[in-house]
Amino acid sequence: MSLPRLCDCSPVSQGYSDDDDDDDVSPRLCDCSPVSQGYIQSQVTLKVTEGNSTCIKAELSASFSITYNTANGTRTVMVPLPGSAVVGVASSCGGDGRSPSLVALFGDGHALGLSFSSNVSLYSVANLTLQYNLSDVSTFPEANSTDVVTVETTSVGMVARVNTTYRCISASPVIVGGATVTFSNVTMEAYMTGDDLSPNESVCTADQSFTTVPPPSPSTTTAPPPPPSTTTAAPTPVPTPPGTPNQGSYSVSNSNGTVCLLARMALQLNISHFSASQNKTIQEVVNLQPNQTTSSGSCDPTSATLVLTQGSATNLSFLFTLNTTSNRYHLTGLSVVAAWSDMTAPFNTSNSSLDYLRGSLGRSYMCSSEQTLSVDQNFSLNTFHLQVQPFGITRGQFAQAEECQLDQDSMLIPIVVGAALAGLVLIVLIAYLIGRKRSHAGYQTI
């Protein structure tokens with residue numbers, strides 16, 4: 001059974017290509033957003049059971065945006081998770097060293113897998129796996145391969161408190177390899193203690209709305225003023241700025257152990273969230289600590305993923321894509337999952353339509369200056385002393401660097417100032433020589 005393909009979302013079919021100018025606003029022939037394609041309307045119910053007990057239950061909608069190679073370039077299709085999806089035999093409640101997992105099978109050899117992990121207070125989707133079969137010609141027309149492709153990511157962003165149901169009605173994209181999985185209308189629980197979802201919920205960041213208490217309505221009677229007090233409330237402590245973060249070195253290797261991505265950078269996270277201690281929304285700035293951070297990821301011919309994990313508190317994922325026509329790469333996606341001590345609920349967000357850190361194939365991208373990578377209104381990432389190369393690495397070392405515009409500008413300023421000073425000195429010297437010559441001309445030989 002093949003998947004319904006409601007719209008071909010490839011650049012060519014839409015009347016534009018990857019090498020178009022950024023300001024090209026030619027009309028698209030088809031709206032390729034998940035909502036317009038009707039992909040997030042139907043909801044699928046999936047259960048994993050062991051004996052008479054249910055350990056995982058998920059009610060969700062999902063759509064998949066998948067880019068694949070054809071003889072004439074690349075094409076992108078969007079397909080839904082159909083209502084006919086079934087729970088595969090690889091699903092498990094865990095035990096014997098295995099993690100609980102839910103595997104949904106659909107279409108002609110396609111699968112979506114979610115595996116879970118837990119600590120004392122939280123559980124999360126620790127790994128997402130997407131498998132798609134390129135020999136399914138009705139879903140992937142003109143594919144130049146018949147392979148079954150498997151991509152995975154550990155940066156999913158679904159985190160909930162133990163014994164609660166994870167709920168997220170908003171559309172939540174997850175970048176996985178060269179594909180994007182968009183979830184919506186999700187209610188899900190793992191490590192269940194009953195046969196149905198818990199009535200207690202952990203609501204995702206996108207669904208949370210923080211409101212302030214309205215002022216009391218005016219009254220015709222006025223209460224007497226309170227008696228003076230000799231005590232003064234302690235002021236709310238102001239967080240100390242974390243300072244410039246330390247630089248860390250990270251790498252990703254492919255299946256044969258060859259390094260395929262290199263990165264050196266110092267990172268600082270800026271997250272707006274509701275503070276439990278201050279009872280209001282605050283902006284918290286936290287440095288990523290390289291000595292507490294591990295790196296992982298994956299590399300494909302046209303995409304590369306770097307995942308940085310700092311303990312159980314912070315997970316940061318970068319997606320780079322390569323344009324094979326121009327041989328240029330850039331940072332396409334950035335996502336974060338944070339469970340910091342002052343948060344009332346785990347924070348997660350992502351953006352898969354970014355355009356940062358542009359470089360050429362076979363070269364690294366370098367920027368020593370501070371950059372701010374804005375992801376959305378609640379999250380941005382500051383980078384310092386950055387050098388990254390996601391493609392074309394040889395001998396496990398960075399290639400020649402292409403410097404960012406900020407660094408070029410910082411070098412240009414002293415050159416301009418120096419040239420201006422040299423010009424000023426030259427003008428003064430010429431004026432002095434002319435004045436001296438005129439003063440000598442006033443004396444005649446007797």
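**Disulfides and a pocket**

Reader: Cys-299: what does its relative accessibility count as?

Author: At 23% relative accessibility, Cys-299 counts as partly exposed. The bands are buried under 20% relative accessible area, exposed over 50%, and partly exposed in between, with a 1.4 Å probe and protein chains only.

Reader: What kind of model is this, and how are residues numbered?

Author: The model is predicted, so local features need pLDDT of at least 70 and side-chain atom pairs count only at pLDDT 80 or more, while totals for chains, interfaces and linings use all residues. Residues are numbered from 1 along each chain as its sequence is written, and side-chain values use heavy atoms, without hydrogens and water.

Reader: Back to Cys-299. Which residue does a disulfide join it to?

Author: Cys-260, with S to S at 2.0 Å. A disulfide here is a pair of cysteine sulfur atoms within 2.5 Å. Cys-260 sits in strand β15 (residues 259-275) and Cys-299 in strand β17 (residues 293-299), 39 residues apart. Strands are DSSP runs of E, at least two residues, and helices are runs of H or I, at least four, numbered from the N terminus. Cys-260 is buried, at 12%.

Reader: Left-handed or right-handed, that disulfide of Cys-260 and Cys-299?

Author: Right-handed, because the torsion about its S-S bond is about 80 degrees.

Reader: How many disulfides does the structure hold?

Author: Four. One of them joins Cys-55 to Cys-93. Its S-S torsion is about -85 degrees, so this disulfide is left-handed. Cys-55 is in strand β2 (residues 53-70) and Cys-93 in the loop between β4 (86-87) and β5 (101-106), so the pair ties together parts 38 residues apart in sequence.

Reader: And Cys-168: which partner, and what distance S to S?

Author: Cys-204, at 2.1 Å. Cys-168 is buried at 1%, and Cys-204 is buried at 2%.

Reader: New topic. What volume does the second largest pocket have?

Author: About 410 Å³. On a 1 Å grid over the protein atoms alone, a pocket is an open set of points where a 1.4 Å probe fits, with protein on both sides within 12 Å along at least five of seven lines; lining residues have an atom within 4 Å of a point. Points are joined across faces, edges and corners, and the volume is the space filled by probe spheres set on them.

Reader: Which residues of its lining are closest to the centre?

Author: Of the 22 lining residues, Ser-117, Ser-124, Val-159, Ser-312 and Asn-315.

Reader: Which element supplies the largest share of the lining?

Author: β7, with five residues.
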